[in-house]
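Here are some notes for a first look at this entry. Please read them with the structure open.

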Amino acid sequence: MINLTINNKKLQVEEGTTIFEAAKLNNILIPHFCYMENVHQIGSCRICVVEVEGGKTLMASCVTPATEGMIVHTNSERVRDVRKVIFELMLSDHPKECLSCWRNQNCELQDLGNLIQLHEFRYEGAKSKDVIDSSSPSIVRDSSKCILCRRCVTVCNEIQGVGLMNPHHRGFSTFIGPSEDELLGESVCTNCGQCVLVCPVGALKEKDSTAAVWEALYDKSRTVVVQTAPAVRAALGEVFAYEPGTLVTGKMAAALHQLGFDYVFDTNFAADLTIMEEGSEFLERVTNAFNTKEKNHVLPMITSCSPGWIKFMEHRYPDQLAHLSSCKSPHMMLGALTKTYFAEKMNIDPAKLFVVSVMPCTAKKFEITRPEMFSNGLADVDAVITTRELGRMIKDAGIDFRSLEDGEFDSPLGLSSGAADIFGTTGGVMEAALRTVYELVTGRELPGIKLHIKPLSGLNRIKTAELKIENPLPAYSFLNGVTVKVAVTSGLKGAAELLEQIKNGTSPYHFIEIMGCPGGCISGGGQPRPVNDAIRTLRLEAIYREDEGKLLRKSHENEDIQMLYRDFLGAPLGHKSHELLHTVYAQRSKN
Amino acid sequence: MITTDEVCNVLTMTEQEKYDLLKNVIIDYERKESNLIQILHMAQAIFGYLPVEVQHFIAVQMELSVSKINSVLTFYSFFSTQPKGKYTVSICLGTACYVRGGKEVLNKLKSVLGIDVGATTEDKIFSLSVMRCIGACGLAPAMTINKKVYKQVNPNKIPLILGMLK
C-alpha cells in the first residue's frame with residue numbers, strides 16, 4: 001500500500017494506482033477530459049494536471065502513479081490557473097457554434113466549461129483545417145471541431161484493431177482520420193462507429209438520416225414501416241434521462257406510432273427468423289461434417305448479423321469468407337419480407353413502401369447501400385437511423401416520452417421470442433441459436449438455468465463453451481457423443497484472434513459468434529453516450545430481463561414465424577429463403 | 001543488413017528492383033513496428049520520396065494500416081510525400097539561426113526559387129525545406145544543400161550559390 005496526501009487528506013491506495021484514481025476513490029474530483037477508464041489514459045489533453053510538491057512541473061494525474069509520501073494539490077492557485085489556460089487554448093481552436101452543433105447539451109467540452117468557469121475568450125489565433133469528410137454512408141468527420149484528444153485513435157487501433165484513425169501532420173495542421181489521400185467512405189473503415197461513440201465533441205458523428213425519414217413520413221403516398229433492433233429498447237431511455245438499463249420497449253413503440261409510422265414492426269421477429277435460417281445452416285454444415293464422406297464442410301460457421309464485423313472480415317480475411325453464415329442480418333431480412341410477404345398480404349405496391357430501421361449501429365447505414373441488399377430493384381431497407389437519431393426525432397416532434405402509455409408492435413412482423421431479445425448483447429445470438437438447434441437435434445430443452453449458457457454472457461473478450469450431444473433424435477444419431485465447441489467474441493480485436501486460428505487451421509470451434517462492437521449491439525456505435533463497462537453491464541442485464549420476462553423463449557416456437565414459413569417461405573433454406581434472406585460477401589482490399 | 005550506402009545506386013534501378021530492395025530492408029528490420037522510422041528512412045533513400053504507392057507497399061509488408069504509416073511520416077519534416085528535386089535546399093530555423101537571420105535567408109530562397117517550403121521547382125532541380133536546429137549553431141544561419149553545409153549565409157549570396165549548382 002502507498003500513503004499519499006491529496007488536498008490535505010491522508011490516503012492509502014494500492015501500488016500502481018494513479019493520482020487520478022486515488023483521488024476518485026476518495027471522492028476528490030479532478031476535472032478531466034480525454035480520460036476513459038481502462039481504455040484511454042495517455043494524458044493527451046492535460047486538463048487533469050495536478051501539483052505535486054517537489055515536482056518541477058504540473059503532472060497529468062491520469063498517467064502519474066501515486067508514490068509513497070506524495071503530497072498532491074488538485075486545486076492550488078497554480079493548478080487552477082494552468083487548467084484554465086489549457087481549456088482556453090483548447091477553445092481558441094474550436095468553433096463556438098454550440099447552438100447549431102449536434103452535440104449541444106450532450107458535449108463533454110460544454111460539461112468541462114461548466115466546471116472551469118470562463119467568462120471571456122482571451123486567445124484568438126490560428127485554426128486547424130476545417131475539412132469535412134462525408135464520403136462514408138455511416139460516419140461524418142468534421143476536423144474543425146476535433147480537439148485532438150485521441151480517444152478515437154485508441155479505440156480504432158487498440159480496441160478494434162482497424163488502425164484507420166490516426167493523427168497526421170503536426171501543429172495546427174494536425175488532423176485525426178485516415179491518411180490525407182484517403183476518404184473514410186473508400187477506406188478500410190468498418191463503420192462500427194466506436195470512434196463516434198467516444199468522441200467527446202461534434203467531430204465524429206453518424207451520417208444523419210432523419211431528414212429522409214421525416215420526408216417519407218410527410219409523404220402521404222407512402223406507407224412508412226419502422227422496425228427496431230433488440231438493443232435499442234435497452235438504451236433509448238437514456239436519451240430521456242432514464243437510468244442506464246431501463247427498458248422502454250412499450251414507450252418506444254408508442255413514440256414510433258406518434259411520430260406517424262404506419263406500421264411498427266420489430267427486428268426481433270427477424271431475429272427469430274435468423275435463428276431458423278442460421279440454425280438450419282449450421283445443422284446442414286454439421287451434417288456435412290459428421291455424416292457424409294465428401295467432407296466438403298466449412299466449419300466453424302461464423303454469425304453474420306454485424307455489418308461492421310462483416311466488412312472487417314472482407315478486408316482482412318477475404319480468403320475465409322466461406323466461414324460466414326450466408327444469412328442477411330435480421331433487419332435486412334425484415335426489410336425484404338416487408339416488401340414481399342407484407343406487401344402481398346396487405347396489397348400494397350412495394351415501391352410505395354418505405355422501410356426505416358432503428359438500429360444501435362452506424363454500420364447498418366452502410367449495409368443498406370450494399371448492392372446485395374436490393375431485391376427486384378428495390379432496397380430492402382430505405383433508411384437507417386440510430387438510437388440517438390430516434391431520440392432526436394422524438395424530441396423534435398415534441399413527444400413527452402416519459403409520460404407515454406406503453407404501446408405495442410404491429411402484426412404480422414412484430415411478435416418475437418426472448419431468444420430474439422438477447423441478439424442485442426454479446427453471446428446472445430449463440431445462446432438463441434443453441435436453444436433451437438439443441439432442441440431440434442435432441443428433442444429436449446437446452447440444459448442450463450433459465451435456458452442460459454452462463455459462460456457465454458458477460459464482457460470478457462473471448463468466451464467459449466462446450467455442449468455434449470447425448471441421445472439425439474434418430475435423424476441426428478450421427479451426432480451422438482459429439483461435443484459441440486462454440487466461441488463468442490465482441491470487438492474486432494477478438495475477432496482477429498479467432499480468425500487467425502481459423503487461418504492457421506488451429507481453430508477448435510464449430511460455431512463462432514462475432515459482434516463488431518465490444519459488448520455487442522448494446523454498446524453499438526449508434527447508442528446514446530456515454531458508454532463504459534458499467535453502463536454496458538446495466539444494458540446487458542436489461543436485455544436478459546426482457547428475455548426472461550417472456551413466456552415465449554425459443555425462436556422455433558414463435559407462431560408468427562411458423563405462419564410465415566407455412567404461408568410464404570416454405571422451409572428454412574428453401575428457394576424463397578435463399579432469394580430473400582441470404583446473401584453473398586465481397587472480397588475487399590487490405591488497405 | 002542493407003545500409004544507406006548500398007542504396008546509393010538507386011538511380012540505375014528499375015521500379016521493380018527498388019521495391020525488391022525495400023522488401024529486403026523490411027525483412028532485415030523484422031517487420032517490426034518499432035523499426036518503422038528506420039524503414040521509412042531507407043524507403044525515402046531508395047525512392048527519393050514516399051508516395052502513396054510506397055506507403056501502401058510498406059503497410060502491406062508490415063501488416064500495418066496505411067493510415068498508421070502516413071501518421072508517422074507526416075509527423076517528421078524529414079519525410080516527403082512529394083518528389084524532391086536534384087538539390088534539397090534546407091535552411092535552419094532553430095533558435096540561433098533564426099535570430100541570426102535565418103528567416104531572411106528563407107525569404108530570399110523563396111523568392112529566388114519561386115516556391116514555398118516543401119515544394120519543388122518545376123524543372124525538378126531544387127526543393128526547399130526548413131529544419132529545426134541541426135546542431136551547427138556556431139555557423140548560424142546555417143543552410144544545407146544535400147549533404148553540404150553552408151555557414152553564415154548572407155541572403156545576398158543566395159543567387160550566386162544556387163547559380164553555381166545549376
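**Notes on the predicted model**

1. Thr144(B) has Val149(B), in β4(B), as its bridge partner. The model is a predicted one. Strand β3 (residues 143-145) of chain B and β4(B) run antiparallel and are joined by three bridges.

2. These strands belong to an open sheet of four strands in chain B, ordered β2-β1-β3-β4 with mixed pairing. At its edges are β2 (126-131) and β4 (148-150) of chain B, each of which pairs on one side only. On average, neighbouring strands of the sheet are turned by 20° against each other, direction ignored.

3. Helix α5 (residues 95-113) of chain B packs on this sheet and touches β1 (87-92), β2 and β3 of chain B. The direction of α5(B) makes about 150° with that of β1(B).

4. Helix α3 (residues 52-62) of chain B has Val54(B), Gln55(B), Phe57(B), Ile58(B) and Ala59(B) buried. The cover over the buried residues of α3(B) includes α1 (15-28), α2 (36-47) and α4 (66-75) of chain B. After α3(B) comes Glu63(B), with a positive phi near 55°.

5. Chain A is assigned domain 1 (2-92), domain 2 (127-206) and domain 3 (284-327 + 416-521 + 553-581). The contact between domains 2 and 3 of chain A takes nine residues from domain 2 and eleven residues from domain 3. On the domain 2 side there are four nonpolar, five polar and no charged residues. The C-alpha centres of these two domains lie 33 Å apart.

6. Between the chains, the contact takes 15 residues from chain A and 13 residues from chain B. The chain A side divides into four nonpolar, six polar and five charged residues.

Note on methods
Residues are numbered from 1 along each chain as its sequence is written. Chains are lettered from A and ligands numbered from 1 in the order in which they are written. This is a predicted model: local features need pLDDT of at least 70, side-chain atom pairs count only at pLDDT 80 or more; totals for chains, interfaces and linings use all residues. A residue is buried if 20 or more other C-beta atoms lie within 10 Å of its own, exposed if 12 or fewer, and partly exposed in between; C-beta atoms are placed from the backbone. Helices (H or I, at least four residues) and strands (E, at least two) are DSSP runs, numbered from the N terminus. Two residues are in contact if their C-beta atoms, placed from the backbone, lie within 7 Å. Domain bounds come from an automatic or database domain assignment. Ala, Val, Leu, Ile, Met, Phe, Trp, Tyr, Cys and Pro count as nonpolar, Asp, Glu, Lys and Arg as charged, and the others, Gly among them, as polar. Two strands pair if DSSP finds at least two bridges between them. Axes are lines fitted to C-alpha atoms, for helices over the stretch in contact, and angles run from 0 to 180 degrees between N-to-C directions.
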